[in-house]
Structures are given as structure tokens and as C-alpha cells.
Amino acid sequence: MRTSLTVKNPGRRFLGCLNYKKKNGCNFFVWVDPQTCERGLEYAKIMQAKKEELERQMEDLKMMNNELGRGIQKLEKENDALFVKLAELTEINVTLAEQAGPRKTTNRLRNLTMVLVVVILVFVVCVLMSSVKHTHDKKPLYLV
């Protein structure tokens with residue numbers, strides 16, 4: 001069985017007994033790190049601030065993503081309701097056309113209904129695509 005070796009403190013220096021953590025071994029172990037220079041301390045503060053800002057931005061993006069998800073669900077419900085209404089209107093249209101008898105207006109009503117269906121579908125697709133596009137429009141933030 002293979003095990004992966006993970007390094008918990010890369011680059012840190014230490015002194016330790018060769019028999020450290022072995023049965024009947026020595027427990028001598030100390031970290032030997034040089035003092036960090038003033039510039040290094042300043043850089044560490046800058047990096048910590050950048051890390052915290054990125055974490056805040058990530059939380060904001062998660063919240064926006066959740067809000068967009070709820071928005072998409074709402075749009076899907078509205079879309080379903082529109083399709084139900086469209087089906088009702090189509091039935092009424094067919095009933096009226098049957099009552100009026102065969103005329104040229106029947107084809108016009110059918111064509112008008114088809115145009116209405118296409119317009120509604122295009123609108124719904126545009127709204128959904130717009131909401132998805134806005135989640136990916138954000139340019140990545142590069143901190144210098």
C-alpha cells in the first residue's frame with residue numbers, strides 16, 4: 001500500500017535526533033528559523049490583507065450566486081405559469097376558430113398564436129441567458 005508524503009512545514013529548518021519518534025528513541029526536536037527581516041514582515045502583512053480581501057470577495061460571490069440561483073428558480077416558475085396560460089389561450093383560440101367556421105382568419109389566428117409562442121420562448125431564453133451571463137461577466141481581480 002502506498003502512502004502519500006505530506007509536508008506540513010515546507011522550507012522550515014529544524015534540528016532533531018535521527019531516532020525521533022522511533023521506539024526507544026530520543027525526543028529531541030527544535031525548530032531553527034532565522035529572524036524574519038523587516039521587509040519580510042511588511043510583505044507578510046500585505047499578503048495577509050490580500051488573502052482576507054479575497055476571502056471577503058469569495059463570500060460575496062457565493063452570496064450573489066445563491067441569489068442568482070433563487071432568481072433562476074423564480075423565472076422558471078414564471079415560465080411554467082406562462083406556458084399554462086399559453087395553453088389556455090390556445091384552447092380558447094381553437095374553440096373560437098371552430099365556432100367561427102373555416103375562414104382565412106383561422107390561419108391568421110394560428111399564425112398569430114405561433115408568433116406569440118416564439119416571442120415568449122425567446123424572451124424567457126434571453127432572461128435566463130442574461131442571468132447566467134452576469135455571473136461570468138466579472139473580470140478576475142488581480143491584486144498587485
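## Aromatic residues and confidence in a predicted model

F28 is partly exposed, because its relative accessible area of 42% falls between the 20% limit for buried and the 50% limit for exposed residues. The model described here is predicted. In the chain, F28 sits in the loop that joins strand 1 (14–16) to strand 2 (29–31). Together with L15, V30 and V32, F28 makes a nonpolar surface patch of about 320 Å².

The whole structure holds three aromatic pairs. Two of them are listed here.

| Pair | Centre to centre | Angle between planes | Arrangement |
|---|---|---|---|
| F14 and W31 | 6.2 Å | 80° | edge-to-face |
| F29 and W31 | 5.2 Å | 85° | edge-to-face |

The pair of F14 and W31 links distant parts of the chain, since F14 belongs to strand 1 and W31 to strand 2, 17 residues apart. Ring pairs join F14, F29 and W31 into a cluster.

The average pLDDT of the protein is 80, and 81% of the residues score at least 70. Among the elements, helix 1 (residues 38–100) has the highest mean pLDDT, 89, while helix 2 (residues 104–136) has the lowest, 75. Over residues 1–5 the pLDDT is below 50, and this stretch has zero contacts in the model beyond near neighbours in sequence. Where pLDDT is low, the predicted coordinates should not be read in detail.

Note on methods: Residues are numbered from 1 along each chain as its sequence is written. This is a predicted model: local features need pLDDT of at least 70, side-chain atom pairs count only at pLDDT 80 or more; totals for chains, interfaces and linings use all residues. Side-chain values use heavy atoms; hydrogens and water are left out. Patches are made of residues with over 30% relative accessible area and no salt bridge: like charges are joined within 9 Å, nonpolar side chains (Val, Leu, Ile, Met, Phe, Trp, Tyr) within 5 Å. Accessible areas come from the Shrake-Rupley method with a 1.4 Å probe; for residues, only the protein chains shown count as cover. A salt bridge is a side-chain nitrogen of Lys or Arg within 4 Å of a carboxyl oxygen of Asp or Glu. Helices (H or I, at least four residues) and strands (E, at least two) are DSSP runs, numbered from the N terminus. Buried means under 20% relative accessible area, exposed over 50%, partly exposed in between (1.4 Å probe, protein chains only). pLDDT is the predictor's confidence in each residue, from 0 to 100. Contact means heavy atoms within 4.5 Å. Rings of Phe, Tyr and Trp (its six-membered ring) pair if their centres lie within 6.5 Å; planes under 30 degrees apart count as stacked, over 60 as edge-to-face and the rest as tilted.
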